[in-house]
Amino acid sequence: INYQRVIGNVVISHDGTTMTCDSAHFYFEQNMVEAFSQVSITKGNGTNAHCDYIRYTGADNTALMLGNVQILDGKNTLYTEELTYNVKTKIGKYFKGGTLQTEETTVSSNEGTYNGFTKQTLFVNDIIITNPKYTIESQELTYNTENKVIKFLAKSTIIGENTTVYTTGGTY
């Protein structure tokens, strides 16, 4: 496969998205770019992303992001080591552990799907939510970063200052 290699302060623009990195490989026939080291993506709507490596496919606006991945979306930051992210739909999925940090709340899980448009996030497997007012342990739930509503979809435990609640469904 033929590609063009670019080194040093690389800037790439595509469909309202700007990506910077230390070096990149352009695969023109495949409409794909691999970016290496200090990769940053900035979208006009204010969403930013950072990682060590990215493989971005222009045809479907998807990015495989690896190493020290961060998605900064307003007051929310998603951290993980591997993320598949669609720049147009603002939907990111991780399967090897991740953490979402909002203003006062931290949510960690093995798997997750973050939707930057709806602000709805699905977390699955070994979820721990920490907040100054409560701690939650669950196997599956959704969390809306805009209105802070948690919907329990599986066995969950809510631990408050003076109360412990066990549930398999409901809204908090």
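These are my notes from a first look through this predicted model.

**Ground rules.** I number residues from 1 along each chain as its sequence is written, and side-chain values use heavy atoms, with hydrogens and water left out. As the model is predicted, local features need pLDDT of at least 70 and side-chain atom pairs count only at pLDDT 80 or more, while totals for chains, interfaces and linings use all residues.

**Overall build.** I looked up the secondary structure and found 16 strands and 0 helices (DSSP runs numbered from the N terminus: E of at least two residues for strands, H or I of at least four for helices). The C-alpha atoms fill a box of roughly 60 × 25 × 25 Å along the principal axes.

**Burial.** I checked the 172 residues, and 45% of them count as buried (under 20% relative accessible area, with a 1.4 Å probe and protein chains only).

**Contacts.** I then turned to contacts (heavy atoms within 4.5 Å). Among those with a separation of 6 or more, 24% join residues 24 or more positions apart.

**Largest pocket.** How much space lies in the largest pocket? I noted about 180 Å³ (the space filled by probe spheres set on the grid points). A pocket here is an open set of points on a 1 Å grid where a 1.4 Å probe fits, with protein on both sides within 12 Å along at least five of seven lines; lining residues have an atom within 4 Å of a point. Its lining includes Ile12, His14, Phe26, Tyr27, Met32 and Tyr56. β1 (4-14), β2 (17-27) and β3 (32-43) each give two or more residues to that lining, and β1 has the largest share, 3 residues.

Note on methods:
Buried means under 20% relative accessible area, exposed over 50%, partly exposed in between (1.4 Å probe, protein chains only).
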